[in-house]
Amino acid sequence: MKQKKILIFGGRGFIGQHLIKRLDKHANVKIYPVGNIGKSIKTKKIINKKITLIKYNYAEIFNIIKKISPHTILYLSGNPAAENSNEKYLYDYKSSNLPLVHILESIKNIDNNILFFFSSTIGVYKSGKKPKSEEGGLNPISYYAISKVISEAQCRFYSNKFDLKITILRLASTFGPALSRQLVYDAIKKLDKKNKSYNFYGSGNETRDLMYIEEMVKAIEILIRKKFIKSDIYNISSGKRYKVSEIIKIIAKLKGIKFDKIKFNETNNTNLADNWSMNIDKLKKLGFKPNTNIESQIRTTINYWNQSK
(Lines give C-alpha, C1' and ligand atoms only; values in the text may rest on other atoms or scores of the structure.)
Protein backbone atom coordinates (compact mmCIF):
# COMPACT_ATOMS: atom_id res chain seq x y z
CA MET A 1 0.00 0.00 0.00
CA LYS A 2 1.35 3.43 -0.96
CA GLN A 3 2.38 5.52 2.03
CA LYS A 4 0.15 8.54 2.66
CA LYS A 5 1.96 11.80 3.43
CA ILE A 6 0.19 14.10 5.88
CA LEU A 7 1.38 17.66 6.48
CA ILE A 8 0.17 19.22 9.74
CA PHE A 9 0.41 22.97 10.32
CA GLY A 10 0.23 23.35 14.09
CA GLY A 11 2.20 20.22 14.97
CA ARG A 12 3.40 21.73 18.27
CA GLY A 13 -0.11 22.47 19.54
CA PHE A 14 -2.37 20.44 21.81
CA ILE A 15 -4.57 18.87 19.14
CA GLY A 16 -1.67 18.59 16.70
CA GLN A 17 0.54 16.60 19.06
CA HIS A 18 -2.23 14.21 20.09
CA LEU A 19 -3.21 13.68 16.45
CA ILE A 20 0.39 12.97 15.46
CA LYS A 21 0.68 10.49 18.32
CA ARG A 22 -2.41 8.66 17.06
CA LEU A 23 -1.57 8.71 13.34
CA ASP A 24 2.03 7.60 13.92
CA LYS A 25 0.71 4.16 14.88
CA HIS A 26 -0.13 3.47 11.23
CA ALA A 27 2.65 2.09 9.02
CA ASN A 28 1.13 3.47 5.81
CA VAL A 29 1.16 7.07 7.09
CA LYS A 30 4.10 9.49 7.26
CA ILE A 31 3.54 12.66 9.28
CA TYR A 32 5.25 15.99 8.59
CA PRO A 33 4.58 18.39 11.51
CA VAL A 34 5.14 22.11 10.93
CA GLY A 35 5.13 25.04 13.36
CA ASN A 36 5.23 28.81 13.01
CA ILE A 37 8.76 29.98 13.84
CA GLY A 38 7.48 33.41 14.81
CA LYS A 39 5.08 32.18 17.51
CA SER A 40 5.78 30.87 21.00
CA ILE A 41 3.96 27.75 22.16
CA LYS A 42 2.78 27.01 25.71
CA THR A 43 1.49 23.46 25.21
CA LYS A 44 3.59 20.90 27.06
CA LYS A 45 5.56 18.57 24.80
CA ILE A 46 4.07 15.06 24.65
CA ILE A 47 5.76 13.68 21.51
CA ASN A 48 9.41 13.34 20.48
CA LYS A 49 8.82 13.90 16.80
CA LYS A 50 10.88 16.61 15.09
CA ILE A 51 8.84 19.70 14.22
CA THR A 52 9.88 21.72 11.16
CA LEU A 53 9.67 25.44 11.96
CA ILE A 54 9.00 27.90 9.15
CA LYS A 55 7.76 31.44 8.74
CA TYR A 56 4.10 31.39 7.81
CA ASN A 57 4.56 33.50 4.68
CA TYR A 58 3.62 32.47 1.16
CA ALA A 59 7.13 31.54 0.00
CA GLU A 60 7.95 29.19 2.88
CA ILE A 61 4.49 27.62 2.96
CA PHE A 62 4.57 27.07 -0.80
CA ASN A 63 8.07 25.56 -0.63
CA ILE A 64 7.29 23.04 2.09
CA ILE A 65 4.08 21.88 0.39
CA LYS A 66 5.96 21.58 -2.93
CA LYS A 67 8.84 19.68 -1.29
CA ILE A 68 6.73 17.18 0.64
CA SER A 69 3.97 16.76 -1.95
CA PRO A 70 1.43 15.61 0.66
CA HIS A 71 -1.76 13.69 0.12
CA THR A 72 -3.42 15.56 3.01
CA ILE A 73 -2.86 18.88 4.79
CA LEU A 74 -4.35 19.88 8.14
CA TYR A 75 -4.36 23.45 9.38
CA LEU A 76 -4.47 23.35 13.19
CA SER A 77 -2.43 26.52 13.72
CA GLY A 78 -3.68 29.92 14.73
CA ASN A 79 -4.91 31.43 17.96
CA PRO A 80 -4.79 28.75 20.71
CA ALA A 81 -7.15 30.65 23.03
CA ALA A 82 -9.98 33.07 22.25
CA GLU A 83 -8.97 35.47 25.03
CA ASN A 84 -5.67 36.22 23.24
CA SER A 85 -7.48 38.47 20.79
CA ASN A 86 -9.73 40.32 23.23
CA GLU A 87 -7.48 43.38 23.19
CA LYS A 88 -5.65 42.67 19.92
CA TYR A 89 -8.26 42.74 17.19
CA LEU A 90 -5.71 41.86 14.45
CA TYR A 91 -4.27 38.88 16.34
CA ASP A 92 -6.52 36.30 14.68
CA TYR A 93 -6.17 37.83 11.23
CA LYS A 94 -2.38 37.65 11.43
CA SER A 95 -2.14 34.24 13.10
CA SER A 96 -4.95 32.47 11.22
CA ASN A 97 -6.58 34.18 8.23
CA LEU A 98 -3.40 35.36 6.52
CA PRO A 99 -1.49 32.02 6.79
CA LEU A 100 -4.64 30.20 5.68
CA VAL A 101 -4.86 32.08 2.40
CA HIS A 102 -1.15 31.38 1.80
CA ILE A 103 -1.88 27.66 2.18
CA LEU A 104 -4.93 27.78 -0.07
CA GLU A 105 -3.03 29.70 -2.75
CA SER A 106 -0.17 27.18 -2.52
CA ILE A 107 -2.51 24.19 -2.90
CA LYS A 108 -4.22 25.89 -5.85
CA ASN A 109 -0.85 26.48 -7.55
CA ILE A 110 0.70 23.10 -6.74
CA ASP A 111 -2.03 20.43 -6.76
CA ASN A 112 -5.74 21.02 -6.20
CA ASN A 113 -6.23 17.29 -5.48
CA ILE A 114 -4.59 17.68 -2.07
CA LEU A 115 -7.15 17.08 0.69
CA PHE A 116 -7.25 20.07 3.03
CA PHE A 117 -8.74 20.14 6.53
CA PHE A 118 -9.34 23.41 8.35
CA SER A 119 -10.04 23.54 12.10
CA SER A 120 -12.90 25.88 12.93
CA THR A 121 -14.84 26.11 16.19
CA ILE A 122 -18.19 25.57 17.85
CA GLY A 123 -17.99 29.30 18.60
CA VAL A 124 -19.19 30.18 15.09
CA TYR A 125 -22.69 29.05 16.13
CA LYS A 126 -25.24 30.94 18.14
CA SER A 127 -25.71 29.88 21.74
CA GLY A 128 -29.02 28.07 22.18
CA LYS A 129 -30.95 25.20 23.70
CA LYS A 130 -30.93 22.93 20.65
CA PRO A 131 -27.74 21.24 19.32
CA LYS A 132 -26.56 22.98 16.16
CA SER A 133 -26.25 21.05 12.90
CA GLU A 134 -23.75 21.91 10.17
CA GLU A 135 -26.49 23.80 8.34
CA GLY A 136 -27.26 25.95 11.39
CA GLY A 137 -26.99 29.72 11.34
CA LEU A 138 -23.74 31.38 12.41
CA ASN A 139 -23.47 34.12 15.02
CA PRO A 140 -19.87 34.66 16.26
CA ILE A 141 -19.53 36.47 19.61
CA SER A 142 -15.76 37.06 19.73
CA TYR A 143 -12.89 38.24 17.54
CA TYR A 144 -11.71 34.60 17.55
CA ALA A 145 -15.05 33.28 16.26
CA ILE A 146 -15.33 36.06 13.68
CA SER A 147 -11.91 35.02 12.37
CA LYS A 148 -13.11 31.42 12.02
CA VAL A 149 -16.22 32.51 10.10
CA ILE A 150 -13.99 34.50 7.74
CA SER A 151 -11.66 31.50 7.39
CA GLU A 152 -14.59 29.26 6.50
CA ALA A 153 -15.61 31.79 3.85
CA GLN A 154 -12.03 31.74 2.49
CA CYS A 155 -12.24 27.95 2.29
CA ARG A 156 -15.60 28.00 0.49
CA PHE A 157 -14.32 30.56 -2.01
CA TYR A 158 -11.27 28.44 -2.94
CA SER A 159 -13.35 25.29 -3.02
CA ASN A 160 -15.95 26.78 -5.36
CA LYS A 161 -13.67 28.80 -7.61
CA PHE A 162 -10.64 26.49 -7.86
CA ASP A 163 -12.19 23.08 -7.05
CA LEU A 164 -10.10 22.54 -3.92
CA LYS A 165 -11.15 19.61 -1.72
CA ILE A 166 -11.67 21.24 1.67
CA THR A 167 -13.21 19.84 4.84
CA ILE A 168 -14.08 22.24 7.66
CA LEU A 169 -13.90 20.77 11.16
CA ARG A 170 -16.02 22.64 13.69
CA LEU A 171 -14.40 21.59 16.94
CA ALA A 172 -16.03 21.51 20.36
CA SER A 173 -14.20 22.69 23.47
CA THR A 174 -11.64 20.06 24.31
CA PHE A 175 -9.75 18.91 27.38
CA GLY A 176 -7.19 16.34 28.37
CA PRO A 177 -3.54 15.77 29.32
CA ALA A 178 -1.22 18.72 28.50
CA LEU A 179 -3.91 21.34 27.84
CA SER A 180 -3.31 24.15 30.33
CA ARG A 181 -6.41 26.27 29.67
CA GLN A 182 -10.21 26.16 29.48
CA LEU A 183 -12.87 24.91 31.89
CA VAL A 184 -11.55 21.50 33.02
CA TYR A 185 -7.94 22.62 33.53
CA ASP A 186 -8.93 25.88 35.23
CA ALA A 187 -11.24 24.02 37.64
CA ILE A 188 -8.59 21.38 38.40
CA LYS A 189 -6.01 24.05 39.27
CA LYS A 190 -8.46 26.07 41.37
CA LEU A 191 -9.50 22.96 43.32
CA ASP A 192 -5.84 22.02 43.89
CA LYS A 193 -5.70 24.76 46.52
CA LYS A 194 -6.71 24.20 50.13
CA ASN A 195 -9.55 26.67 50.57
CA LYS A 196 -12.62 26.88 52.77
CA SER A 197 -14.69 27.63 49.66
CA TYR A 198 -14.17 27.91 45.90
CA ASN A 199 -15.74 30.63 43.75
CA PHE A 200 -16.61 30.15 40.09
CA TYR A 201 -18.08 32.67 37.64
CA GLY A 202 -21.61 32.23 36.33
CA SER A 203 -24.61 30.40 37.70
CA GLY A 204 -23.25 26.90 37.05
CA ASN A 205 -26.22 26.19 34.80
CA GLU A 206 -24.38 27.25 31.62
CA THR A 207 -23.76 24.25 29.39
CA ARG A 208 -20.70 23.22 27.42
CA ASP A 209 -20.14 20.68 24.65
CA LEU A 210 -16.88 19.17 25.93
CA MET A 211 -14.80 16.56 24.11
CA TYR A 212 -11.87 14.54 25.43
CA ILE A 213 -8.80 14.93 23.23
CA GLU A 214 -8.48 11.21 22.44
CA GLU A 215 -12.05 11.23 21.18
CA MET A 216 -11.40 14.32 19.08
CA VAL A 217 -8.36 12.92 17.30
CA LYS A 218 -10.22 9.63 16.77
CA ALA A 219 -12.95 11.55 14.96
CA ILE A 220 -10.43 13.54 12.90
CA GLU A 221 -8.66 10.31 11.93
CA ILE A 222 -11.94 8.86 10.63
CA LEU A 223 -12.40 11.92 8.44
CA ILE A 224 -8.80 11.85 7.18
CA ARG A 225 -9.29 8.24 6.08
CA LYS A 226 -12.55 9.02 4.29
CA LYS A 227 -12.20 9.44 0.53
CA PHE A 228 -13.55 12.93 -0.09
CA ILE A 229 -14.73 13.86 -3.53
CA LYS A 230 -16.17 17.24 -2.57
CA SER A 231 -15.83 19.87 0.15
CA ASP A 232 -17.83 19.48 3.35
CA ILE A 233 -18.33 20.57 6.98
CA TYR A 234 -18.37 18.31 10.05
CA ASN A 235 -19.16 19.01 13.69
CA ILE A 236 -16.54 17.32 15.90
CA SER A 237 -18.02 16.80 19.34
CA SER A 238 -19.01 14.24 21.95
CA GLY A 239 -22.61 15.05 21.09
CA LYS A 240 -23.36 15.57 24.77
CA ARG A 241 -24.01 18.78 26.68
CA TYR A 242 -22.75 19.20 30.25
CA LYS A 243 -23.65 21.80 32.85
CA VAL A 244 -20.63 23.72 34.13
CA SER A 245 -21.68 22.79 37.68
CA GLU A 246 -21.76 19.11 36.66
CA ILE A 247 -18.17 19.23 35.39
CA ILE A 248 -16.93 21.03 38.51
CA LYS A 249 -18.83 18.58 40.74
CA ILE A 250 -17.03 15.64 39.06
CA ILE A 251 -13.64 17.31 39.55
CA ALA A 252 -14.45 18.12 43.20
CA LYS A 253 -15.53 14.52 43.82
CA LEU A 254 -12.32 13.12 42.31
CA LYS A 255 -10.30 15.50 44.50
CA GLY A 256 -12.22 14.66 47.65
CA ILE A 257 -13.80 18.10 47.99
CA LYS A 258 -17.39 18.45 49.16
CA PHE A 259 -19.57 20.18 46.59
CA ASP A 260 -21.09 22.48 49.22
CA LYS A 261 -17.76 24.32 49.21
CA ILE A 262 -18.37 25.34 45.58
CA LYS A 263 -19.89 28.79 45.09
CA PHE A 264 -21.12 30.36 41.83
CA ASN A 265 -21.15 34.12 41.31
CA GLU A 266 -23.97 35.00 38.94
CA THR A 267 -23.07 38.70 38.90
CA ASN A 268 -19.91 37.90 36.89
CA ASN A 269 -21.78 36.06 34.17
CA THR A 270 -21.91 38.89 31.60
CA ASN A 271 -19.24 37.48 29.27
CA LEU A 272 -20.28 33.83 29.41
CA ALA A 273 -22.29 32.25 26.62
CA ASP A 274 -25.15 30.22 28.06
CA ASN A 275 -25.47 27.05 26.02
CA TRP A 276 -23.21 25.35 23.49
CA SER A 277 -23.82 22.02 21.78
CA MET A 278 -23.53 20.45 18.33
CA ASN A 279 -25.38 17.71 16.51
CA ILE A 280 -22.99 14.96 15.35
CA ASP A 281 -25.37 12.71 13.38
CA LYS A 282 -23.37 13.42 10.24
CA LEU A 283 -20.13 12.29 11.92
CA LYS A 284 -21.78 9.19 13.37
CA LYS A 285 -22.80 8.10 9.86
CA LEU A 286 -19.08 7.68 9.11
CA GLY A 287 -18.72 5.24 11.99
CA PHE A 288 -17.77 7.54 14.87
CA LYS A 289 -18.95 6.18 18.23
CA PRO A 290 -18.24 8.68 21.02
CA ASN A 291 -17.08 7.54 24.43
CA THR A 292 -18.87 9.87 26.85
CA ASN A 293 -17.47 8.49 30.12
CA ILE A 294 -16.39 11.97 31.11
CA GLU A 295 -15.58 11.07 34.73
CA SER A 296 -12.94 8.59 33.60
CA GLN A 297 -11.57 11.12 31.11
CA ILE A 298 -11.35 13.83 33.77
CA ARG A 299 -9.66 11.37 36.15
CA THR A 300 -6.97 10.68 33.52
CA THR A 301 -6.50 14.43 33.07
CA ILE A 302 -6.18 15.01 36.82
CA ASN A 303 -3.65 12.17 37.10
CA TYR A 304 -1.57 13.72 34.31
CA TRP A 305 -1.33 17.06 36.12
CA ASN A 306 -0.65 15.36 39.47
CA GLN A 307 2.31 13.56 37.90
CA SER A 308 3.53 16.80 36.28
CA LYS A 309 3.86 18.65 39.60
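Residues are numbered from 1 along each chain as its sequence is written. In this predicted model local features need pLDDT of at least 70, side-chain atom pairs count only at pLDDT 80 or more, and totals for chains, interfaces and linings use all residues, while side-chain values use heavy atoms, with hydrogens and water left out.

Helices (DSSP runs of H or I, at least four residues) and strands (runs of E, at least two) are numbered from the N terminus. Helix α7 covers residues 244-254 and helix α9 residues 294-307; the two pack at an angle of about 55°, and their axes are 10 Å apart. Axes are lines fitted to C-alpha atoms, for helices over the stretch in contact, and angles run from 0 to 180 degrees between N-to-C directions. Helices α7 and α9 are therefore oblique to each other, given that angles under 35 degrees count as roughly parallel, over 145 as roughly antiparallel, 65 to 115 as roughly perpendicular and the rest as oblique. On the α7 side, the contact (heavy atoms within 4.5 Å) is made by I247, I250, I251, K253 and L254, and on the α9 side by I294, E295, I298, R299 and I302. These contact residues comprise 7 nonpolar, no polar and 3 charged; Ala, Val, Leu, Ile, Met, Phe, Trp, Tyr, Cys and Pro count as nonpolar, Asp, Glu, Lys and Arg as charged, and the others, Gly among them, as polar.

Residue I251 belongs to helix α7. With a relative accessible area of 0%, I251 is buried, where buried means under 20% relative accessible area, exposed over 50% and partly exposed in between (1.4 Å probe, protein chains only). Apart from neighbours within four places in sequence, I251 is in contact with V184, A187, I188, L191, I298 and I302. The C-alpha atoms of I251 and R299 are separated by 7.9 Å, although these residues lie 48 residues apart along the chain.

Strand β1 (residues 4-9) has 5 of its 6 residues buried, so β1 is largely enclosed by the rest of the structure. Strand β1 runs parallel to strand β2 (residues 29-36), to which 6 bridges join it; strands pair if DSSP finds at least two bridges between them. In this pairing K5 stands opposite K30 of β2.

Residue I68 lies in helix α2 (residues 58-68) and counts as buried at 8% relative accessibility. Not counting residues up to four places away in sequence, I68 touches K5, L7 and Y32. The C-alpha atoms of I68 and K5, 63 residues apart along the chain, are separated by 7.7 Å.
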